[in-house]
Every structure is written in structure tokens, then in C-alpha cells.
Amino acid sequence: QVQLVESGGGLVQAGGSLRLSCAASGRTFSSYAMGWFRQAPGKEREFVAAISWSGTNTYYADSVKGRFTISRENAKNTVYLQMNSLKREDTAVYYCAADVRPRSVIAAPVADREYDYWGQGTQVTVSS
């Protein structure tokens, strides 16, 4: 069993920055890929970013590429999402997810169905 707890959400003005954190417990964090997803009101959950278990490979949705950065600190069992140049359309509940299946050193899924455990989410609201 893996428990994931997100933090760092809040209200920020457009153009501002936030850093989300996701603390994991329960299993060997360093052995599985991690992802961030988001869901805006009235919309389906969508992929934001993912990072391989090795930390060497990262993947981003086109909508956030160049503005968001995913990283991980295995010693702290934590994955981060640094969000810069925030836009109103980034407003959503952000979820982190863990993929505990064996993957190659570069793999990190972008489909939510590939993830096994989810956090409870943290709200990010961007005002104009």
C-alpha cells in the first residue's frame, strides 16, 4: 500500500509561481514512476507531468511544457511540481500518482489508468 499526500496548493495571481509537493509512504518510493494530473471543474482529469523512477526522464503535457518542472527527491520520498508563469487555465485540483509496476529506467506513464495509487488532491487557483 502506498499513501500519497499533496501540499503546496493555494491562490496565486496569473504570472506567479507555486511549488506542489507529494510525500509518499508505505513502499519503496525510489522504485516507481510518479505523475501529476489535474482536474478542472466540469472537465476530465488530464495528464500534467511524469518522472521516471530513476529521475532521469521527465514528460510534460504540451500545455505546461516550459512552465512546469517535475522533480523528485528519493531521500525524502517526495516528488515536486514547480509551476511558473501560471495562467488562469491552470486552475484545477492537482493530484499526484504512483506507478508501482516494474518499468524501464526511462519510463513514466502519461495515462492515468497506468497509475496505481493517488493522493487526495490539492487545489490550485490562479486569478487574473
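A residue is termed buried when its relative accessible area is under 20%, exposed when that area is over 50%, and partly exposed in between. On this scale glutamate 73, with a relative accessibility of 30%, counts as partly exposed, whereas lysine 76, at 53%, counts as exposed. These two residues form a salt bridge in which the closest N and O atoms are 3.9 Å apart, and the structure, which is a predicted model, holds eleven salt bridges.

Strand E9, which spans residues 92–99, has seven of its eight residues buried and is therefore largely enclosed by the rest of the structure. Strand E4, formed by residues 33–39, pairs with E9 in the antiparallel sense over seven bridges, and within this pairing methionine 34 has alanine 98 of E9 as its bridge partner. E9 is also joined by three bridges to strand E11 (residues 122–127), again in an antiparallel arrangement, with tyrosine 94 standing opposite threonine 122 of E11. A further antiparallel pairing, made of two bridges, links E9 to E10, and here alanine 98 stands opposite tyrosine 117.

Within E9, cysteine 96 has a relative accessible area of 0% and is thus buried. When residues up to four places away in sequence are not counted, the contacts of cysteine 96 are Leu4, Glu6, Cys22, Gly35, Trp36, Tyr117, Trp118 and Gly119. The C-alpha atom of cysteine 96 is separated by 9.7 Å from that of valine 48, although the two residues are 48 places apart along the chain.

E5 pairs with E4 in the antiparallel sense over five bridges, and tryptophan 36 has alanine 49 of E5 as its bridge partner. The two strands form a hairpin with six residues between them, in the turn of which glycine 42 has a positive phi of about 75 degrees. E5 is joined to E6 by three bridges, the strands running antiparallel, and alanine 49 has tyrosine 60 as its bridge partner in E6. In the hairpin of E5 and E6, which has six residues between the strands, glycine 55 takes a positive phi near 80 degrees.

The largest nonpolar core contains 38 residues, of which Leu4, Met34, Trp36, Leu81, Met83 and Tyr94 touch the most other members. At least two residues of this core are supplied by each of the strands E3, E4, E5, E7, E8, E9 and E11. In soluble globular proteins, nonpolar side chains tend to be buried together. Methionine 83, leaving aside its neighbours within four places in sequence, is in contact with Gly16, Ser17, Leu18, Leu20, Arg67, Phe68, Tyr94 and Val124.

Serine 21, located in strand E3, is buried with a relative accessible area of 16%, and its contacts beyond four places in sequence are Val5, Glu6, Ser7, Trp36, Thr78, Val79 and Tyr80. Serine 52 lies in the loop between E5 and E6 and is buried with a relative accessible area of 0%; apart from residues up to four places away in sequence, serine 52 touches Ala33, Asn57, Arg72, Val105, Ile106, Ala107 and Ala108.

The loop between E9 and E10 contains valine 105, which counts as partly exposed at 40% relative accessibility. Together with Trp53 and Ile106, Val105 makes a nonpolar surface patch of about 240 Å².

Aspartate 99 and arginine 103 form a salt bridge whose closest N and O atoms are 2.6 Å apart; aspartate 99 is buried, with a relative accessible area of 0%, whereas arginine 103 is partly exposed, at 27%. Arginine 103 also forms a salt bridge with glutamate 114, the closest N and O atoms being 2.9 Å apart. Both members of this second pair are placed in the loop between E9 and E10, eleven residues apart, and glutamate 114 counts as partly exposed at 23% relative accessibility. Through shared partners, salt bridges join Asp99, Arg101, Arg103, Glu114 and Asp116 into one network.

Key:
Residues numbered from 1 in each chain as written. Predicted model: local features only at pLDDT ≥ 70, side-chain atom pairs only at ≥ 80, totals over all residues. Heavy atoms only, no water. Helix = DSSP H or I, 4+ residues; strand = E, 2+ residues; numbered from the N terminus. Buried < 20%, exposed > 50% of the residue type's maximum accessible area, 1.4 Å probe, protein only. Contact = heavy atoms within 4.5 Å. Patch = residues over 30% accessible without salt bridge, like charges linked within 9 Å, V, L, I, M, F, W, Y side chains within 5 Å. Areas by Shrake-Rupley, 256 points an atom, 1.4 Å probe, with all protein chains shown as cover. Salt bridge = Lys/Arg side-chain N within 4 Å of Asp/Glu carboxyl O. Pairing = 2+ DSSP bridges. Core = buried A, V, L, I, M, F, W, Y, C linked by side-chain atoms within 4.5 Å.
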